[in-house]
Every structure is written in C-alpha cells, then in structure tokens.
Amino acid sequence: MPSPKRIGKIDFGLLSPKEIRQMSVRKIIWADTYDDDGFPYPQGLMDLHLGVIDPGLRCKTCSQKSGECPGHFGHIELAKPVIHVGYTRLIRKLLRVTCRECGRLLLSSDEIEKIIGTDISATGDSLTEKDIKKERICPHCGEQQLKINFEKPTTFAEIATDERGKKVENKLTPADIRARLEKIPDEDLRHLGIDPVVARPEWTVLTVLPVPPVTMRPSIILENGQRSEDDLTHKLVDIIRINQRFKENQDAGAPQLIIEDLWELLQYHVTTYHDNEVAGCPPARHRSGRPLKTLSQRLKGKDGRFRGSLSGKRVNFSSRTVISPNPNLSIIEVGIPLRIANEMTIPIRVTQFNIEELREIVRNGPDREDVRDPCGANYAIRPDKRRVRLTKGATSEDGNLEFIAEQMEPGWTIERHLRDGDIVLFNRQPSLHRMSIMAHRVKVMDGKTFRLNPAVCPPYNADFDGDEMNLHIPQTEEARAEAFLLASVQENILSPRFGGPIIGGIHDHISGIFMLTHTRRWFNKGDAISMLQNCDIKRMGEPDKIEDDVPYWTNKQIFSHILPPTLNMVFQASSCENCDQCLRENCDRDAYVRIVDGELLCGTIDKKAIGAFDGAIVHRIIRQYGYARAVQFIDDVTRLSIRAIMYDGFTFAIDDEDLSKSDYGQIREVLERATHDVGRRIQIYEDGQLEPMPGRTEEETLEMQIMQVLGKARDNTGEIAGRHLGLSNSAVVMAVSGARGSMLNLTQMAGCVGQQAVRGERIMRGYEDRTLPHFKKGNRGAEGHGFVKNSYKSGLNPTEFFFHAIGGREGLVDTAVRTSQSGYLQRRMINALQDLKVAYDGTVRTTGGRIIQFNYGEDSTDPMKSSFGQPVDVKGIVENILKEAV
Amino acid sequence: MALIAQQLNVLKHEMVPEHSIMTDEEVQALFSRYEISAEHLPKIYHDDPAVIATNARISDVIKIVRKSRTAGRAESYRLVVKRPKK
Ligand SMILES: [Mg+2]
Ligand SMILES: [Zn+2]
Ligand SMILES: [Zn+2]
Ligand SMILES: [Zn+2]
C-alpha cells in the first residue's frame, strides 16, 4: 500500500463551456428517447454513447456491457445563455462590485490595499460587497454606476433615472450579464477570492448544458410493459423541446416578445432542472401532480445522497420488532422469535474440524420448527462464490439437503441460522449514547417479540408500551469479537456519564427486594427455596433458628445467598431520612445497611443498593469481583426480587388511597384554615397594611405569602395522609424504596392536589381582572387562581380541572421544546467530537494529530472506570478491610 | 472616576488562568515530548485579552495553567495566531 499522502489544497471551480464540450461524448439534439422498437434514438436523450442500461446492448463509447459501463456525459448547445440558479448570489455580488462599463473593480488600488493589505496570499483576506459604496462612479473610467436589482429566482435589472427624474427598470438578459462578467479582469477577481483559472465568472451563465449519463437516470419498465423515464430525463426533454422551438422561432424571425417569452421558458426549465425548490419559482410537476425530483433534490435533506445514502444507509442482516420483558432472561441475553432466527444467518466456513457439525446443520434444512430443535441453514456458498439455496422438499429427492451435505468440503461456506449463544447487536433509537447499542447473546424463543430483562431498560431508555428495537447480526469473526469485547452488556454496566452502574433493578425489582429485606422475618425451607429457585445457588446456608424441629431462615439470610461471600459494605438505604443523629444498627426505618463477609446484618435493600443509576452493591461487586460476577448478581437479584414480590403479592387500587373519616376531617380543617389565612392576608394587603419584603412590591409579597401558606397546607394534608398510610400501602412501599413515585404523588392522590402554577406563579391569565367568569373581578383568593383543594381520588371540580390542565400543559410544552433543542445540540456535539481519540501518550487528538487536550480529562481518568468520577474508591477499600463504616 | 481610568489587567482577575510565554527551549522540549510541530497545538488569537496582556507575538507559544476540577492543576499550551478577518 502506498504511504498516505497529505492533501495540500482543494480547488473548487466551475466547469467551463470548453470543458463541458470536451467531456461530452455526444451532442444531444432530439428530445425523443426510444423509437417504436424500443431502441434508443441516435443523438436522443438515451443515445447509446451515453452508456447502456438495457441488458444485451453495448455502449458505443466504451463498448462495455450494461453494468460495466460507468456512463458518459453528453451535452446540449443552448440557443441562448441562461443563468445557473446556484450562482445567482455570486452574480449579484459581481454585478454590484464591478463597473458596468469597463468591468473593473469599483475600488482604486489604494483603496484595495487599505482593506486587504499588500500581500493577498499572506492573509487570504478578500473583498466583500460591503467594502464598496453603492452607486458610485468608477475610479477607472468615470462611469456612473447603477443600482442592480435582483428578483428571485433569476431576474436581474438595472435601475436608471430618466430625463424627468423617474426611475426606470431595465431588465438585464443573461446575455447582457454574461457580457459584463466577461469584462472583469483576472486580477480583480483574485481580490474577490475567486481563482480565475478554475472559475471565470461568465461560466455561471450557461451556454452549454451537460447531459448526465443514462446510468444516473435509468428508465424503468412498468408491469404493463410501458417505459417510465426518470425525472431528470423528463426535465431534459423539456429543455431540448424549448431549445428547439426557440431556434425555430429565431430562424423564422419571430417577434421580440415571443423570443423573450421562450427565453424565459428555457431559463425556467434549466432552473428547475438544477433545483426544483427555489423560492419564487413554481416547481415543475409530473403529470400526476407530484413535483419532480431534480438534481438538488437528489442531494439535499434527510433522504438525500449525503444524509440518506452516504452517512447512513439501510443494511442487511438486521431485524426489528416490538419488545417485551422477561425477567428470567439474563441481562446479557436477548430473546429472538424463532421466525426471525430462521431468517437471519451467520456464515460459517467449512473446515476439516467443523465439517461434520455443519453437515448436520445442512441436513436440518431451512425450516427449524421448534425453539428446542438444533439450528439449520438457508444457503450454502461454494468455493466459486455460487450461492445454493437449501430446500427441504417433500421427499429427500425433491430437496437438496442430503446432496449438499455430501458434496460440501472445506472451502465452502454455510449460512446457518441464529442459535442460542450467538452474539448480536441490539439497539433502540434515539441512539444517544454508547449504551444504546449493546451486544447480547441470542436466546431463541417462541412468540413474535424481542425479549429482554427489564434491568437493561435504563440504558436503552426502553419501556414496553409498544417500543420497537433493532437487531444486527455481525457477519465476521472480527466483528463478533469487537462487538463482544467493546459493546457487550457486561462491559456497559458502568456508565461513562457518571461512573456508576446504569444497569440495575427497576420498579418491581426494587419493591420486591425492599419487601423481602425490610425488618426481620423468617421463612421455612419451602418458602426460602421457592424464592431462591431461579438464582444460581448451590446450597442453602445454615438456618437462623430451629423451632419445633423446623428450620427457619431470616429474610436477610435469603438475600445474603446471592452476595459474594467476601463482600463488606456499609451504606444508607434510599429510605434513610438523614436523621441528625444516625442510630445505625438501631435505625427505626431499618435504613442502615451493613454487609459483613457477604452477610446482610441489618438494613433494607432498595434502590440505593441495586437500582439502576445507584446500585451501590452492583458497583462494589464490579470493582471487587469484575463484570461477570456483577452480571450474575443482577440476574440473581432480579429473579429473587420477582419471586419475593410474588410471595406477598403487590397491588395498587383506588381504595389504597382511602383515608379514615377523621383524616378527611383534619384535611378539610387544614384547607379551611389555609383559605381563611389567605383571605386574612388579602385583607391586610387591601387595607394597605402589608409590610413589603425587601426588594419586592406589596403585591409580590402578598403572592409569595399566599403561595407559601397554600404550599404548607398541601404538605400538611400529605402528612395527615402519610400518618394513615404505612408500609402496608403499596404506593408507600414504592415511594420509600425508590421503585416509583414519591410521597408527593401520594399526597396529591389521597390528600390535596395543591396549587397549579405557570412559570412558578399562581395562574393569573384569562379574563379581565379574573381568571374565569366563575369568580368576582379582583378576586385574589385561592380557588380563583388555581389552588386545587380536591385530591385526585375525590375528583376535581370544573374550575380546578381547567387550572390543572393549564399547569399540566406547561410541563408538556417544556419537554417538547427541550427534546428538540437537546437533540440538535447532541447532533452538533457528535459532529464536532466523533473522530477524536485518546493517543497512547494520553493526549486527545484529531485524526490529523492536532492536540485537543494535553491529558484526557486533565487527570487521565476514564470516567467509566472511575468511582462516580473519583479515580480511587477510598471509602470502599477502607470499608472492605475494616468491615466497618469509615 | 479615577478608578475607571486605570487599565484593567485581565491576568490579575481570579477567573483568568495563568498565561506565560514559553522560551524557545521550552517550546522545543514541548514539541519533542508530544512529537508534534507548532501546527498541532491548540490556537489562541493574537488579540485575545490575555495574549495582549502577556505581550505575546504571533507564533509564540503560551503556557496556560488552570485550576482543574479533576486534576487540581492542569497545564495547556497554545500557539498564538492572527485572527482571520471575517
Ligand atoms: Mg415507550
Ligand atoms: Zn460506456
Ligand atoms: Zn469603469
Ligand atoms: Zn436512619
């Protein structure tokens, strides 16, 4: 391989008419494509010199067959010059900065020097339109300049003043413009940043049009045998037709008006041929009314050549379906429907070592009927690259399975089905971080959905309300090795975002493990085994006590079975209230977790211990025992917690929000007192007695006081409800353990929904001096400005419902705005950072070797391998040695 | 009023990290340490207030010592270049 070369410079230029004629293999003069026999017209748009698309014919330029001939350009000689829409802004600029008479730049050499300095090549600066004053006199020939008007898409005009001082607009034809551009001297162009060798400005006005090869605008044959031409061909037909008519009219000496109209029509067709979405120009349409897809439309936008075909494209060996949960799968597995596993293949080379196994696979054929059946194969590829489809057939003679199995030998390749243990890439859009694509191991299953352990939902941000995910099958050994080593689930348990586990228990895992490990309970052998049956446990530990010859294990012992036997940890659970004086082992909420030698001595396991984003135990296991043990632990803890939650049962219903009669009385009392208090404060304000807070008006002070009083009232109702609802209530369990929801949600369900706000203030908008016609003008009371006294359980009254909808909409708008903004921000970040890498010397560099950061992260720490950002987990190490809190 | 007349030295501001011009020897040592030439360095414009305050010229290399949230102290080097006309 030749050594890589450095690109010194890239020139961007225009095609000159000379170059266009030079690269052309044929002058095209006929608008027709094919004759009645379906043969291309000579010098027509499908001329055989431009390349071939029909099989059987040979290219008249390179004499190659269809598929081998790359295609060749032709050209059309335009009867009159037309402007190229892509360059109208350049033309406008040049017309405005050069003399209409002599074509020179409207600046004296002194002025040029003042603006861009003496040596252009040193600075690379160039002149802009702003550097030249409008309508001045040419410093070279003294000609008075005229204002140039430009009207989209391609009309230019000069504004002159006639004898009576009236403004008159003189249209400039493309021929006039071309003549003016021709006059600009090369030297002046250099000052404008244009290299005249590769881009003379008059080349922006076309006199000859290249005709692209037929290979880039092939015609297709419809089912009814009719030919359907490409949009570009349609457009070229239009151009040639008008060009012809123009010539005929010109030769016949048609009146000026008709000539002008035809010229404009020619301009229109050439413009829409280049870009069919220009402002101020009706798009050219197909007979069906669909706008034509012309040159610019092929490149632009999401489905254009760049974003649609080059930086992203459709791929083979991929599949997509709905996802659903299965907590009995390992987090490193993904369940694949049998139908998909039978369609997706992996190519396996036949060697002397695997030939017998592959023979068996070939004999199994292309239709695996049951997930327990061994996998088959769909294709065999012979050493000469010929693909043979494996077919079963009714009898062994009909099919070719036995024949292929006998015939195959080392050198063949068999495309076998997916089977358990294969490495596949699994992805959910939007792919915002590296954990959005992870390598899983296949588990072929019944059903029609992809199955995954709910513990891997957080990195994908997946749920099961209809989400779909994609699957890709790496096809080579290298691809599989790379996917496994870099992208596998276990390698991605720790997030580089915060240096902690992003995979871990969610929802019921947390509720379940909380209910299992909270306080102290005893289970007999049957119950204990039924909870641990899905975990990888070899033997039960010693029971805690034996009563009447029956052994009992504590709940904490059951959990300890899945811990590594040498684990030592001390931490506060999610349910910890951060008391001023921590009672440690005697915590009345059992929130002080202490694990000594793999035994949970006290404390409750909840979100803090095993949850995604927290996962203290998961994190410690990774640092101490590695990823494989962590996978094992997460698998065990999710299975154990699901069994545990099923042991007690876990439901939530409308009557879980019921309170006692006296509670409702207290809540009513609290709300009445608060309303009363608000009324009293309004009275003080209206009497002018309110003492304003520093830096606030009296009105602002009143508003703040009202918000405070009502906020406190809602919290008080929450407290009343909370006193009644204990850990026997599922919502409380979920809130305390961190599984889902908060005590605030519970307050709003059972107690009082509280104040609705827009931008942090009470609702003030609506009618004049009031929010709704249900209230008196000037009313400042709680109900009139969005305070919802009711709970979600008791139901909202109509005005409350309306205020609630106002407050709720603010949240929706915020999220909608945020996602679109952060999405674009993300795109720009990725574009800026995607090719940076950390070099062996620790520097962050671009592909060109330029240094971005002298030391990665300034401390050379990989955040994924850090402990929540810290390079060393000192607390963990000390805890592990002392087996005590630090 | 008298206070305003006094020129502000940006380098004395607590938010501005330490900037200093490197000697030729230091620059050569830097280049050989990272196996780079001047064009691989991050850039800083000649009219940057901190560059003006250090009296650095175009093609000088400036050493910048910052407080770092991760490392405590971090060194960086920038090549002084002319700000292109826009
Ligand atoms: Mg969803
Ligand atoms: Zn050819
Ligand atoms: Zn002139
Ligand atoms: Zn406590």
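Residues are numbered from 1 along each chain as its sequence is written, while chains are lettered from A and ligands numbered from 1 in the order in which they are written. In this predicted model, local features need pLDDT of at least 70, side-chain atom pairs count only at pLDDT 80 or more, and totals for chains, interfaces and linings use all residues; side-chain values use heavy atoms, with hydrogens and water left out.

The zinc ion (ligand 2) is held by Cys59(A) (SG), Cys62(A) (SG), Cys69(A) (SG) and His72(A) (NE2) as its protein donors, at 1.9 to 2.4 Å. Donors are N, O and S atoms within 2.8 Å of the metal (3.2 Å for Na, K and Ca); water is not among the atoms, so sites may look incomplete. Along the chain, the donors of this ion (ligand 2) are spaced as C-x2-C-x6-C-x2-H. The arrangement around ligand 2 is tetrahedral because its 4 donor atoms subtend angles of 107 to 114°. Four donors count as tetrahedral if all angles lie between 85 and 135 degrees. Cys59(A) counts as buried because its relative accessibility is 3%, whereas Cys62(A), at 23%, is partly exposed. Here buried means under 20% relative accessible area, exposed over 50%, and partly exposed in between (1.4 Å probe, protein chains only).

Cys99(A) is buried, with a relative accessibility of 1%, and Cys102(A) is partly exposed, with 24%.

Over all chains, 54 salt bridges are counted, a salt bridge being a side-chain nitrogen of Lys or Arg within 4 Å of a carboxyl oxygen of Asp or Glu. Among them, Arg416(A) pairs with Asp422(A), with 2.4 Å between the closest N and O atoms. Arg416(A) is buried at 5% relative accessibility, and Asp422(A) is buried at 10%. Another salt bridge joins Glu577(A) to Arg589(A), where the closest N and O atoms are 3.7 Å apart.

Between the two chains, 18 residues of chain A contact 18 residues of chain B, contact meaning heavy atoms within 4.5 Å. The area buried between chain A and chain B is about 1,300 Å², with carbon and sulfur atoms giving 49%; buried area is the accessible area (1.4 Å probe) that two parts lose on being put together, summed over both. Across this interface 2 salt bridges are found. Glu858(A) and Arg66(B) meet through their side chains in a salt bridge (3.9 Å, N to O).

Notes: Tetrahedral: all angles 85-135°; square planar, octahedral: opposite > 155°, others 65-115°.
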